[in-house]
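Here are my notes on this structure for a colleague who has not seen it before. Please keep the model open while reading.

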Amino acid sequence: MAHTLVDYEDVDPVGGGLHFLRDALDCSNLGVSVLDVEAGWSGKPHDHEDDGQEEVYVLVEGAATATVEGETVSMSAGDALRVDPGATRRLDAEEDSLFVVAGAP
């Protein structure tokens, strides 16, 4: 099949409002997720040193901060943030927020 279509709301969320779409879309290399969270949500600090995955966070709606290697980056709707694989990152939603997250080695 040349394409796959899914509605992210049909994919069970993990860790709150995180919808991993890679498997549902049958992606070979690209990881893509939708993060749909309420104000006050905080993600866990993590990195992708082991798998070499670069990530891009696109804030579609809301306001949030990303802490990357101890540096706080304020984000508003429309902002896109790229993070190196080895950098520790954490997201915090200041208001109800919707992100699209893409990652690949």
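1. Start with one contact. Glu54 makes a salt bridge with Arg82, with 3.1 Å between the closest N and O atoms. A salt bridge here is a side-chain nitrogen of Lys or Arg within 4 Å of a carboxyl oxygen of Asp or Glu. The pair links distant parts of the chain: Glu54 lies in strand E3 and Arg82 in strand E6 (residues 80-83), 28 residues apart.

2. A word on the basis. This is a predicted model, where local features need pLDDT of at least 70 and side-chain atom pairs count only at pLDDT 80 or more, while totals for chains, interfaces and linings use all residues. Residues are numbered from 1 along each chain as its sequence is written, and side-chain values use heavy atoms, with hydrogens and water left out.

3. Arg82 also meets the side chain of Asp84 in a salt bridge, at 2.6 Å from N to O. Asp92 and Arg90 form another, with the closest N and O atoms 2.8 Å apart. Shared partners join Glu54, Arg82 and Asp84 into one network. The whole structure holds 4 salt bridges.

4. How accessible are these residues? Buried means under 20% relative accessible area, exposed over 50%, and partly exposed in between (1.4 Å probe, protein chains only). Asp92 is buried at 12%. Arg90 is partly exposed at 30%. Glu54 is partly exposed at 35%, as is Arg82 at 46%.

5. Next, the sheet. Three strands form an open sheet in the order E5-E4-E7, with antiparallel pairing. Strand E5 (71-76) and E7 are at the edges with a single partner strand each, so one side of each has no neighbour in the sheet. Strands are DSSP runs of at least two residues, helices (H or I) of at least four, numbered from the N terminus. Two strands pair if DSSP finds at least two bridges between them.

6. Strand E4 (residues 63-68) pairs with E5 over 6 bridges. Thr65 has Ser74 as its bridge partner, and Ala63 stands opposite Ser76. In this hairpin, with 2 residues between the strands, Glu69 takes a positive phi near 50 degrees.

7. Last, the largest pocket. A pocket is an open set of points on a 1 Å grid where a 1.4 Å probe fits, with protein on both sides within 12 Å along at least five of seven lines; lining residues have an atom within 4 Å of a point. Of its 25 lining residues, the closest to the centre are Leu18, Phe20, Ser33, His46 and Glu55. E2 supplies the largest share of the lining, 4 residues.
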